[in-house]
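I want to look up a few side chains and record how they pair.

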Amino acid sequence: MRQLIRHRAKIAMAAKPSIGQLILAAIGGGSIAFLLTQLQFSAWIETNAPDATPPIIDVGTNKPQPQQSKASATPQAVLPDGLRIRNTSPHAVRVVLLVRRADTEATATNTYQAPIHWDFAPQEGSQNGLLLSLPEGNLKLHAGDILTAFATDGARRYWGPYVVGTTGQPIRQTSTGEWQLVLKP
């Protein structure tokens, strides 16, 4: 009987993996898992057309307009009372505008419309500036509108608030009639 118990103990000991075997299996399995996560698959579609961009269609005439290359693109048009932003700072910036309500819409507690905002990358529009617009059309500033800007990259940098027509910024360009706000570092 004792021999039978010893024999079964030897078989049980032989069936158990040693610590070295377990470590080797863990390293091997981890290596295979790492290699599988490094595989990347990508697919792309190529067209044989020389210019795959669709033509620009003027909504008023429905005639295709020729494409302009970036090198030959003209600067943005000037809009009287429009707002041009120049972000010369090294920060990602959000510009917020509070538009003053017309006298007929204003109440004692709510003299401004809901805020509107635009986001700019660092140095975006630093040379000529970017003319802002709204989804429903052109943006025009009026006296009493409030502009403010702040860095969105955690730099804790802000500009403003500026009251249009009252504070030093934005500056109205006498030659074009548009407002320009320069965000300096």
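The entries below cover the salt bridges and then one glutamine. I note at the start that I am working with a predicted model.

**Entry 1: the count**

How many salt bridges are there by this rule? I get three salt bridges. I remind myself that side chains of opposite charge can pair when their charged atoms come close.

**Entry 2: arginine 172 and aspartate 81**

I looked up arginine 172 and found a salt bridge to aspartate 81, with 2.7 Å between the closest N and O atoms. This pair links distant parts of the chain, 91 residues apart. Arginine 172 sits in strand β11, residues 171–172, and aspartate 81 is in the loop between β2 (64–65) and β3 (83–87). I then checked the accessibility of both partners. Arginine 172 has 39% relative accessibility, so I list it as partly exposed. Aspartate 81 has 22% and is also partly exposed, because buried would need a value under 20%.

**Entry 3: arginine 84 and glutamate 178**

Next I looked at arginine 84, which forms a salt bridge with glutamate 178; the closest N and O atoms are 2.6 Å apart. Arginine 84 belongs to strand β3 and glutamate 178 to the loop between β11 and β12, so the pair ties together parts 94 residues apart in sequence.

**Entry 4: aspartate 119 and arginine 94**

I found a salt bridge between the side chains of aspartate 119 and arginine 94, at 2.6 Å from N to O. Aspartate 119 is in strand β5 (residues 116–120) and arginine 94 in strand β4 (residues 93–98), so parts 25 residues apart in sequence are tied together. I list aspartate 119 as partly exposed, with a relative accessible area of 47%. Arginine 94 is partly exposed too, at 26% relative accessibility.

**Entry 5: glutamine 180**

Last, I looked up glutamine 180, which lies in strand β12 (residues 179–183). Its relative accessible area is 17%, and I call glutamine 180 buried because the cut-off is under 20%. Which side chain does the side chain of glutamine 180 make a polar contact with? I find the side chain of glutamine 173, at 3.5 Å. Setting aside neighbours within four places in sequence, I note that glutamine 180 is in contact with Arg84, Arg86, Gln169, Pro170, Ile171 and Gln173.

Terms used: Residues numbered from 1 in each chain as written. Predicted model: local features only at pLDDT ≥ 70, side-chain atom pairs only at ≥ 80, totals over all residues. Heavy atoms only, no water. Helix = DSSP H or I, 4+ residues; strand = E, 2+ residues; numbered from the N terminus. Buried < 20%, exposed > 50% of the residue type's maximum accessible area, 1.4 Å probe, protein only. Polar contact = N/O pair within 3.5 Å; in protein donor to acceptor, adjacent residues only side chain to side chain. Contact = heavy atoms within 4.5 Å. Salt bridge = Lys/Arg side-chain N within 4 Å of Asp/Glu carboxyl O.
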